[in-house]
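Below are my notes on the model you sent. They are set out as numbered points, to be read beside the structure.

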Amino acid sequence: MKKKILVIIGDNLGIANDQIGYKDVAFMKFPVMINDEEFKESEEYTAAYLIERFKKEKVTAHTQSLLKGDLIKIVEAAKDNYDVIFHVMMGSNMSAATFQMCEQVRKEYTDIIPIINIDTKQVISGVGSILIRLIDLLKTSNDIAEITAKITEITTNTFTYLCLPDLGFLQRGGRIGKAKSLLGSILKIIPVVGLLGDEADLGMLPIGKGRTKQAANRVIIENIKQKMQKYKIETVKQIVIMHMENNDFPELKDLEVQIKRELKFEKLIIGHPRFCEAVHTGPGAWIASFSLK
Amino acid sequence: MVKGISFELEYNESIIKPIFSIANILIISKYVRSFVSHKKYGKRNRFIRTFITNVPLKNISNINLTNIINMLNNLLQKKDNGKLAETIIRKSDELSETWNPNIKYRYCTEFILESENLDKAEFENKLKEWGNSLIIIHSNNIFKIHIHTNKPKTLLKFCEELGKISSTKIDDMKKQHYNLISEDRAYYNKDIALLLIVNGAGFADILKGLGTVEILCYKKVKPSVNQIHNTLLKTRAKNIIAAADDSDILPALKSAITLSKSNIELIESKNVVQLISIMYYYSEFQDLYQNTKVIREHLDNIKFCKIARATRDFAEDNVNVKKGDFFSIYQNRMVFSDRQKGTVIEQSISKLTGMENLITIYCGKKENNTDKIVSKLQSKFENITFESYFGGQDRYNYYITFE
């Protein structure tokens with residue numbers, strides 16, 4: 001008998017809800033504090049709203065971990081209607097508090113409903129990319145152990161690159177890690193930082209720097225080509241690219257052109273910026289996530 | 001001799017026994033030999049007598065050194081014991097010989113090779129030709145290789161044709177040995193460092209802002225071998241990538257490298273723009289081999305020209321230059337010359353710009369304000385972004401990069 005599976009996802013996934021392609025999805029929203037006032041994503045409070053405030057008012061913002069109460073509400077509502085819950089989470093390397101809370105809930109419900117927490121080791125479109133891969137697996141298989149093993153393998157083969165014109169947002173959010181070596185340049189550069197599935201424990205890593213937006217895109221392409229060579233991959237399974245302000249901006253178009261010109265891939269998805277993501281990227285950022293296998 | 005023994009006994013605070021450094025053991029042994037061979041152990045040398053008699057032998061962990069000091073103690077107690085003196089000299093020579101190995105293959109090389117269709121026995125036979133101490137650990141398609149060879153880079157290139165290589169490590173065993181037995185042992189505190197030698201305080205700051213780097217900033221006089229050697233020592237890195245902004249510095253840099261105990265890879269750069277390019281691609285999270293490979297691949301990535309002022313009349317590439325004129329050079333060829341620097345900058349940009357959309361002007365020490373030039377250029381070339389920075393270089397008035 002086919003199992004009924006619920007997927008829980010936070011709202012830092014770099015794609016729009018309607019791009020997920022699965023009906024049994026429960027969304028959780030990260031609280032965002034703007035000048036000490038709490039907001040959650042809505043039609044009004046979007047990435048564009050926050051970026052506009054960053055530009056005009058120079059507000060300070062930070063995110064808080066997901067609320068345990070919100071998660072319990074979802075699990076309580078689902079426990080009698082579903083056989084299994086997959087919770088696709090932002091990487092524990094980026095938010096240990098959220099991960100621990102989710103693990104606590106999983107343990108509390110061990111005898112009631114199995115919850116499988118997927119530590120994506122990713123943020124933004126990296127999370128969304130793994131979610132889409134999970135949905136693809138759910139459509140083709142009913143074997144929970146097989147799906148779990150496969151999705152774990154996918155997380156180690158997912159690579160996210162962020163071009164962040166202002167690293168200060170990442171630094172203020174406490175997520176900068178080893179990428180802090182890119183801070184404080186006199187020369188105007190676009191730092192490229194990455195969350196690499198095969199080096200996830202190292203957190204956010206400095207990948208390179210470009211003086212121009214095209215050069216930053218070059219850094220991404222060259223890095224992912226190295227990964228493809230390392231893992232002997234000829235065709236990338238799935239790519240998600242997105243711009244935090246406008247997907248029509250030339251830098252994202254240039255990235256798309258470079259990807260189409262230089263990489264073989266099965267699926268290219270244009271993502272969608274979310275409210276809480278803007279807190280850590282700031283304006284002008286663009287992101288690419290590659291799922292190799 | 002007395003100083004060496006006292007130092008080890010006083011300053012080593014090991015719980016079990018003081019660990020004498022190899023360097024100190026060899027020096028003490030050398031002085032004992034000299035002391036004995038020159039027959040300085042007469043009764044007049046009371047201080048040495050008293051000192052050697054009171055050395056706590058149980059506190060010396062090296063058995064050979066303990067024996068030598070013990071024999072010296074016996075020698076000091078007796079008269080005309082020629083045989084014992086000969087034994088001390090022989091033992092001291094043996095101790096020195098122990099730490100003077102004949103290294104036939106200089107580089108201890110380790111790496112991982114991932115290859116699908118590689119036969120281990122055949123591969124092992126091929127590698128045997130490259131050196132000795134070969135160890136191959138094999139699991140599925142992954143081979144971990146350890147070998148002593150004289151041509152590590154050629155070997156890595158050869159292996160790259162067989163599959164994907166990673167985690168490379170090349171240790172110069174002669175340097176390791178020298179480091180071990182020398183008096184001023186270098187204490188490494190990081191695995192890799194980058195040293196750039198540059199003219200101009202502005203450029204020094206720009207390079208520092210682009211990542212973790214050691215800078216040796218010189219003024220008009222180029223740095224000496226000693227200065228470079230000291231800077232290399234200060235990096236305290238096991239592996240160093242070194243480069244300079246002028247090919248005239250290379251001989252001094254090469255000499256300094258021969259004196260250094262670290263593994264040093266020299267990038268033969270010729271100008272400061274190449275140093276900026278190095279900073280774009282250097283990563284402290286990559287090993288020496290991967291870093292130098294990527295850096296060399298991209299060394300000439302940034303197109304640039306330089307502008308200087310003539311100190312005499314001359315003609316080159318069909319361009320006549322009068323004393324006091326400004327002239328621009330691109331790839332060692334004269335581009336344009338004029339009395340006005342603004343005109344030279346503008347014309348050079350017109351002639352050299354292709355698909356680039358960012359032009360950066362780095363001003364030399366003699367130039368102060370480029371705002372007017374930049375705003376004029378910006379209005380003329382609307383599709384190009386102009387940026388200006390203080391480089392502070394002595395030789396050229398401007399470097400202009402096209403990206």
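1. In this predicted model, A:Ile8 has A:Ala26 of strand S2 of chain A as its bridge partner. The two strands involved, S1 (residues 5-10) and S2 of chain A, are joined by 4 bridges and run in the parallel sense.

2. That pair belongs to an open sheet of 4 strands in chain A, ordered S2-S1-S6-S7 and paired in parallel. Strand S2 (25-28) and strand S7 (115-119) of chain A each have a single partner strand, so one side of each is left without a neighbour in the sheet. From one strand to the next, the twist averages 20°.

3. Two helices of chain A lie across this sheet. Helix H3 (residues 96-108) of chain A covers strand S6 (84-89) and S7 of chain A, and runs at about 165° to S7(A). H4(A) lies across S1, S6 and S7 of chain A, at about 155° to S6(A).

4. Chain A is assigned two domains: domain 1 takes in 5-33 + 65-153, and domain 2 covers 156-291. Taken over C-alpha atoms, the centres of domain 1 and domain 2 of chain A are 23 Å apart. The contact between them involves 24 residues of domain 1 of chain A and 24 residues of domain 2 of chain A.

5. Which helix gives the most to the side of domain 1 of chain A that touches domain 2 of chain A? It is helix H4 (residues 125-140) of chain A, with 7 residues. By class, that side of domain 1 of chain A has 10 nonpolar, 10 polar and 4 charged residues. H4(A) is also the helix noted above as lying across S1, S6 and S7 of chain A.

6. Between the chains, 16 residues of chain A are in contact with 16 residues of chain B. On the chain A side, strand S10 (205-210) and helix H7 (213-230) each supply at least two residues. S10(A) gives the most to that side, with 4 residues. The chain A side divides into 6 nonpolar, 6 polar and 4 charged residues.

7. In chain B, helix H4 (residues 63-77) packs against helix H5 (residues 82-98) at an angle of about 160°, and their axes are 10 Å apart. This angle makes H4(B) roughly antiparallel to H5(B). The crossing of H4(B) past H5(B) is left-handed.

8. Residues of H4(B) in this contact include B:Ile68, B:Met71, B:Leu72 and B:Leu75, while those of H5(B) include B:Leu84, B:Ile88, B:Lys91 and B:Leu95. By class, the contact of H4(B) with H5(B) has 8 nonpolar, 5 polar and 1 charged residues.

9. Chain B also has an open sheet of 4 strands, in the order S2-S3-S1-S4, with antiparallel pairing. Its edge strands are S2 (131-139) and S4 (164-172) of chain B, each of which pairs on one side only. On average, neighbouring strands here are turned by 10° against each other, direction ignored.

10. Within the chain B sheet, S2(B) and strand S3 (residues 142-149) of chain B pair in the antiparallel sense over 7 bridges. B:Ile137 stands opposite B:Lys144 in S3(B). Helix H6 (residues 120-128) of chain B lies across S2 and S3 of chain B, and runs at about 160° to S2(B).

Notes
Residues are numbered from 1 along each chain as its sequence is written. Chains are lettered from A and ligands numbered from 1 in the order in which they are written. This is a predicted model: local features need pLDDT of at least 70, side-chain atom pairs count only at pLDDT 80 or more; totals for chains, interfaces and linings use all residues. Domain bounds come from an automatic or database domain assignment. Two residues are in contact if their C-beta atoms, placed from the backbone, lie within 7 Å. Ala, Val, Leu, Ile, Met, Phe, Trp, Tyr, Cys and Pro count as nonpolar, Asp, Glu, Lys and Arg as charged, and the others, Gly among them, as polar. Two strands pair if DSSP finds at least two bridges between them. Axes are lines fitted to C-alpha atoms, for helices over the stretch in contact, and angles run from 0 to 180 degrees between N-to-C directions. Angles under 35 degrees count as roughly parallel, over 145 as roughly antiparallel, 65 to 115 as roughly perpendicular and the rest as oblique. A crossing is left-handed if the near helix is turned anticlockwise from the far one by less than a right angle, and right-handed if clockwise.
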